[in-house]
Amino acid sequence: MYDILIKNVRIIDGTGAPWYRADLAIRDGKIAEIGSLGSCLSKTEFDGEDLYLSPGFIDIHSHSDTSLPLYPRAESRIFQGVTTEIGGDCGLSAAPVSSDPAKRKLLKDYVGDLPYTWNSMGEFLSYVESCRPSVNFGMSAGHGTIRLSIMGFEDRKATAEELKQMKSLLRQCLEDGAFCLSSGLIYPPGCYADTDELAELAAELVPYGAYYKTHMRNEGDQVVSALQEALQVCRFSGAPLQINHHKVIRKSGWQVHCKTTVAMIEQARRQGLDVTADQYPYCASSTSLDSNVPLWAFEGGTEALIQRLSDPSVRRKIKEETNQSHEGRWGDIFVSYAESSKNQWTVGKSIEEIAQHKGCAPADACFDLIIEERGRVSEINYGMCEEDITYIMKQPFTMIGSDGQAYPMDYPGQPHPRSYGTFPRVLSHYCRDLQLFPLETAVHKMTGLPAARLKLQDRGLIRQGMWADLVIFDIDSLRDAPTYSNPKQVCPGIRQVYVNGVLTADSGVHTNAAAGRILKRK
């Protein structure tokens, strides 16, 4: 007797091998049997209607550590077939948390408005578990968060003692089950670290079998030198390397720089370096609006930044520096979220449009929003081209990661559609419509490949004895419905989503199941 029997499906097992027809049985949350099971008994039986059955999608790059505790149903994840995600990316993780009240406030102001009733990574994971999430969830240890816990927002080289403390804190995170160390080298305070600091911390990963992942120091005109730094950290430390959301965000480098960076990764792999990358399938990025401010202005944290922007003489200096790098770009930067009701009118408008409405310069419109929202304002920035996206995506070392978050369908503002539609977009647009690669390859990039990077031995493939994280989808009707102007939509074609053998979404309807588990590096 099985709990669930799924009959008449085309199984894509996550390895990249060709699909095959079979039935699949689930018992006690795991895949119990695969084959011709027509005569077997089960408590529940579904006809798969000759649709595709694949492993649940693994989002290896997310920021749901700041949203999943608030929205544990994770509708933006479940409705696109994501059953597992890793949070704490780009160096900004919700744990560990310093016991120093001042540093705790710095983290809350900058990373996310959570209760921060925990200190360690293990305590945070226990907190997420108590929220009963609908997805499986694991964590990266954020380099920026670790640095903040020891040094605050100080723009200087770490002392030997401070580096020793950071290493100790990282090791504790790894003991608590963190899968990797993440860095965000365009964000303070992580951006204040030099290559030596990053390499020394990454070396701590090697005995644990963990890896280093990085939002590189530059993804525009200096993306090649930024990748050189990441590879240098990999060489010096001996840790595997993951390039986060690999892209080129400046027009001057379109269709040129990505050819160089891909060749560099290929060469590094031939030389024996374990280097892979992830990518989201959109031409626009998304981050906080204050990322447009020079990094030196953040020293001391968000409150210090606001004070500098409010000082006319300092603001003039910040404005001059910002305009040097933003000439011709303000029209490509759109507000996607503002916390206050006062500034809701700005959501969906470009900084250029907002400036015209207010009768001021674009930089001033940007700075005023940051001040009024006290940093709680987000942007969408159109900076990439389709040719680069397809070139990077087809590389065998590239897996899919949304860089998004777990949101409800009524989340305020206009968040980036990647939170709601990343995985169906790859399957429907890039695989089916553009025929960039076979369907089995697309699924592998979302399942078996990220599972291998995370060293998950019981997820990411369809094998007897593995946890039954599964997606049934209709490739013909599949569509990435979420758009920039209307992102909060269910993707048609995702028929059923199972998390640990529990039906969690059925034709775009959440079953209220909360079967997700906390995952830890083993």
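## A pair of strands to start with

Two strands are taken to pair if DSSP finds at least two bridges between them. In this predicted model, strand 15 (residues 333–338) and strand 16 (residues 377–382) meet that rule, as five bridges join them and they run antiparallel. To find your place in the pairing, look for Ala-338, which stands opposite Val-377 in strand 16.

How many of the six residues of strand 15 are buried? Five of them are, so strand 15 is largely enclosed by the rest of the structure.

## The parallel sheet

Strands of a sheet pair through backbone hydrogen bonds, and they can do so in a parallel or an antiparallel way.

Walking in from strand 9, you meet strand 10, which is joined to strand 9 by two bridges and runs parallel to it. Ala-141 stands opposite Leu-181 in strand 10. Strand 10 then pairs with strand 11 over five bridges, again in the parallel sense, and Gly-184 faces His-215 of strand 11 across that pairing. Next comes strand 12 (residues 241–243), which runs parallel to strand 11 and is joined to it by three bridges.

Strand 10 (residues 180–184) has five of its five residues buried, so it is largely enclosed by the rest of the structure. Cys-180, Ser-182 and Gly-184 point one way from the strand, while Leu-181 and Ser-183 point the other way; all of these residues are buried.

## A lysine inside

Is Lys-213 buried or exposed? Lys-213, in strand 11 (residues 211–215), has a relative accessible area of 0%; this is under the 20% cut-off, so Lys-213 counts as buried.

The side chain of Lys-213 reaches the backbone oxygen of Ile-60 at 2.9 Å. In strand 12, Gln-242 stands opposite Lys-213. Leaving aside neighbours within four places in sequence, the contacts of Lys-213 include Asp-89, Ser-140, Cys-180, Ser-182 and Asn-244.

## Rings and charges

A pair of aromatic rings is described by the distance of the centres and the angle of the planes. The model has 16 aromatic pairs. One of them is a stacked pair of Phe-57 and Phe-423, with 5.7 Å from centre to centre and 10° between the planes. This pair links distant parts of the chain: Phe-57 is in strand 6 (residues 57–59) and Phe-423 in helix 14 (residues 418–433), 366 residues apart. Both Phe-57 and Phe-423 are buried. Elsewhere, Tyr-71, Tyr-337, Tyr-407, Tyr-411 and Tyr-420 form one aromatic cluster.

Two charged side chains also sit over rings. The charged end of Lys-317 is 4.7 Å from the centre of the Trp-296 ring, and Arg-453 lies over the face of Tyr-211, at 5.3 Å from the ring centre.

Helix 13 (residues 386–393) has Asp-388, Ile-389, Thr-390, Ile-392 and Met-393 as its buried residues. These pack against helix 8 (257–270), strand 13 (275–279), strand 17, helix 14 and helix 15 (439–446).

Phe-79 lies in the loop between helix 1 (75–78) and strand 7 (82–87) and, at 8% relative accessibility, counts as buried. Not counting residues up to four places away in sequence, Phe-79 touches several residues, among them Met-409, Val-490, Ile-494 and His-510.

## Backbone features to look for

Most residues other than glycine have a negative phi, and most peptide bonds are trans. The bond from Ala-95 to Pro-96 is cis, with omega near 5°, and Pro-96 is found in the loop between strand 7 and helix 2 (101–110).

Asp-28 has a positive phi near 55° in the loop between strand 2 (20–27) and strand 3 (30–35), and is exposed at 63% relative accessibility. Arg-132 also has a positive phi, near 55°; its place is the loop between helix 3 (121–130) and strand 8 (136–139), and at 55% relative accessibility Arg-132 counts as exposed.

How values were computed
Residues numbered from 1 in each chain as written. Predicted model: local features only at pLDDT ≥ 70, side-chain atom pairs only at ≥ 80, totals over all residues. Heavy atoms only, no water. Phe/Tyr/Trp six-rings, centres within 6.5 Å; stacked < 30°, edge-to-face > 60°. Helix = DSSP H or I, 4+ residues; strand = E, 2+ residues; numbered from the N terminus. Buried < 20%, exposed > 50% of the residue type's maximum accessible area, 1.4 Å probe, protein only. Lys NZ or Arg CZ within 6 Å of the ring centre and 35° of its normal. Polar contact = N/O pair within 3.5 Å; in protein donor to acceptor, adjacent residues only side chain to side chain. Contact = heavy atoms within 4.5 Å.
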